[in-house]
Amino acid sequence: MTTDWLTPDTRDLLVAGVKVTLALTVITSVLAFALALFICRLRLSAVAFWRGVAATYIELCRNIPALVWVIFFAYALPNAFDLDTRRMLFFRNGVMEFLRQETGVLIPYYLIGAVLGLTLNTSAYLVELLRAGIGTLKQEHLESARTLGATPNAAFQRLLMPHGIRAAAPGIMTRLVHNMKNTALASFVAVPEFFKAVQTSISRSFYAIELLVLASVVYWILTWGFAVLLRRVLPQPRSASWMVR
């Protein structure tokens, strides 16, 4: 039996919002992880210039709030161009029209802006987690690989990166779950994700308490399910042979 506040229209709106939230989570998590691996490789480079580039990237993307990045890419960046160029690059072109038809989002560029902002912020944290995980590798293991003729890239891909991911898996999982919750920031740039759908439903029905409680439950279910998935996907560190009593 449907309650007065959870009408069919509201339910459809919320379900559509959940789908956008899940899509945002998957896209930004994959992009952030891939970008983090690349930046981590630069951070560990023997060339000082690349280490500096990576350090600058980390400081900027980690210390500027994710919401600022999202708003910058969605609203501020297009304003750097004149009106005609802005329309051509960001709003009225074949790519945006294709995304509009496929996703149903009225202004798909705002969705792209949200993806960029969340990806940059999350990737910066993942770089430091990976670097900390790599730092737990014993030096003699790396020296053995180099003795056997491994190049720096080969050592990173086959030794440092797998070890770093395994050692940092709990932290990586926590950060990616946090990224899922950060998708709610996309509501500030008119992306119809779940929290935006909740806000719209509240403005239409004024059932704020019921809808916010429902939103809390849905986010809990989503984050719990995502955490379970990440435990299966990420290689987990070996269990310690001791326990604190």
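User: How is a residue sorted as buried, exposed or partly exposed?

Analyst: Buried means under 20% relative accessible area, exposed means over 50%, and partly exposed lies in between. In this predicted model, Arg100 has 26% relative accessibility, so Arg100 counts as partly exposed.

User: With which residue does Arg100 form a salt bridge?

Analyst: A salt bridge needs a side-chain nitrogen of Lys or Arg within 4 Å of a carboxyl oxygen of Asp or Glu. Arg100 pairs with Glu97, and their closest N and O atoms are 2.5 Å apart. Both residues sit in helix α5 (residues 94–103), with a spacing of 3 residues, about one turn of the helix. Glu97 is partly exposed, at a relative accessible area of 35%.

User: How many salt bridges does a search of the whole structure find?

Analyst: The search finds 4 salt bridges. One of them joins Glu59 to Arg62, with the closest N and O atoms 3.2 Å apart. Glu59 and Arg62 both belong to helix α2 and are 3 residues apart, about one turn of the helix.

User: What separates Arg131 and Glu128 along their helix?

Analyst: They are 3 residues apart in helix α6 (residues 108–134), so about one helical turn separates them. Arg131 counts as partly exposed at 30% relative accessibility, and Glu128 counts as partly exposed at 22%.

User: Which residues are linked in a network of salt bridges?

Analyst: The network links Glu59, Arg62, Glu128 and Arg131. Of these, Glu59 and Arg62 lie in helix α2, while Glu128 and Arg131 lie in helix α6.

User: Now the helices. At what angle do the axes of α1 and α2 cross?

Analyst: The axes of helix α1 (residues 8–43) and helix α2 (residues 48–63) cross at roughly 135 degrees and come within 7 Å.

User: Which residues meet where α1 contacts α2?

Analyst: From α1 come Leu35, Ile39, Leu42 and Arg43. From α2 come Trp50, Arg51, Ala54, Ala55, Tyr57 and Ile58. The residues of this contact divide into 8 nonpolar, no polar and 2 charged.

How values were computed
Residues are numbered from 1 along each chain as its sequence is written. This is a predicted model: local features need pLDDT of at least 70, side-chain atom pairs count only at pLDDT 80 or more; totals for chains, interfaces and linings use all residues. Side-chain values use heavy atoms; hydrogens and water are left out. Axes are lines fitted to C-alpha atoms, for helices over the stretch in contact, and angles run from 0 to 180 degrees between N-to-C directions. Helices (H or I, at least four residues) and strands (E, at least two) are DSSP runs, numbered from the N terminus. Contact means heavy atoms within 4.5 Å. Ala, Val, Leu, Ile, Met, Phe, Trp, Tyr, Cys and Pro count as nonpolar, Asp, Glu, Lys and Arg as charged, and the others, Gly among them, as polar. Buried means under 20% relative accessible area, exposed over 50%, partly exposed in between (1.4 Å probe, protein chains only).
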